[in-house]
Amino acid sequence: EEALIRQLIETEVQTPVADEATCQRYYESNLARFRSADIFEAAHILFSAAPDDTEAYEKAVTEAEQAIVLLTSQPGAFAELARERSDCTSSKEGGCLGQVALGDTVPEFETFLINLEEGQLCPVPVKTRYGVHVLRLDKKIEGRQVPFELVHESIAAYLEDASWQKAATLYIKILAGRSRIEGLAFEAAESPLVQ
């Protein structure tokens, strides 16, 4: 039965092929969708504490503030301090997180990360659900626009699929609107909708 329904829809629903001009318009109207992600090289020192443990969290904030003061006057001490004090596995790497993109870390961390300049130590402790971080942005690599030629086929496939989905939905609605249901009798006294 499902195969027959699918065959009927495929036979009756015809949609146009997305031409190059249509794909180009879609590309130009949605440039942000066709851009590679920004990449951040960052380092951090984590003073772990559960947010609901007020005493431990306040202690972590104080330790992070003290670390920021120290690192402001001695920036070269970051890796050593991370190895000694950080509660993250990145401590073995001097706090280096490697390359991260937005979505790889928690939003509260990223809010600070995206606003730092290369080489900048965040001047305030970064509070997250994992604890309190001392954060430094080492490098930012700006994302790039992906050329139209590389995404043309995927845009065409997307537009054709979206067009088919809309047309199939409309066709089914038309069929449902034309249909008649027979053999059911409703009595007014039994229906809670009729009074």
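Which residues line the largest pocket? The views below start there, in a predicted model.

**View 1. The largest pocket and its lining.** Welcome to the pocket, which has a volume of about 180 Å³. Its lining is formed by His44, Leu46, Cys88, Leu97, Val100, Asp104, Thr105, Val106, Phe109, Thr128, Tyr130 and His133. Two elements, strand E1 (39–48) and strand E2 (96–101), each give two or more residues to this lining. By residue class, the lining of the largest pocket holds seven nonpolar, four polar and one charged.

**View 2. Helix H2 meeting helix H6.** Here the axes of H2 (residues 20–29) and H6 come within 9 Å, with a crossing angle of roughly 105°. Angles of 65 to 115 degrees count as roughly perpendicular, so H2 is roughly perpendicular to H6. On the H2 side, look for Glu20, Thr22, Cys23, Gln24, Tyr26 and Tyr27. H6 answers with Phe148, Val151, His152, Ile155, Ala156, Tyr158 and Leu159. Sorted by class, the residues of this contact come to nine nonpolar, three polar and one charged.

**View 3. Glutamate 182, in the segment after helix H6.** For a sense of scale, pair glutamate 182 with valine 61: they are 121 residues apart in sequence, and their C-alpha atoms are 72 Å apart in space.

Definitions and conventions. Residues are numbered from 1 along each chain as its sequence is written. This is a predicted model: local features need pLDDT of at least 70, side-chain atom pairs count only at pLDDT 80 or more; totals for chains, interfaces and linings use all residues. Side-chain values use heavy atoms; hydrogens and water are left out. On a 1 Å grid over the protein atoms alone, a cavity is a set of points where a 1.4 Å probe fits but cannot get out, and a pocket is an open set with protein on both sides within 12 Å along at least five of seven lines; lining residues have an atom within 4 Å of a point. Grid points are joined across faces, edges and corners, and a volume is the space filled by probe spheres set on the points. Helices (H or I, at least four residues) and strands (E, at least two) are DSSP runs, numbered from the N terminus. Ala, Val, Leu, Ile, Met, Phe, Trp, Tyr, Cys and Pro count as nonpolar, Asp, Glu, Lys and Arg as charged, and the others, Gly among them, as polar. Axes are lines fitted to C-alpha atoms, for helices over the stretch in contact, and angles run from 0 to 180 degrees between N-to-C directions. Angles under 35 degrees count as roughly parallel, over 145 as roughly antiparallel, 65 to 115 as roughly perpendicular and the rest as oblique. Contact means heavy atoms within 4.5 Å.
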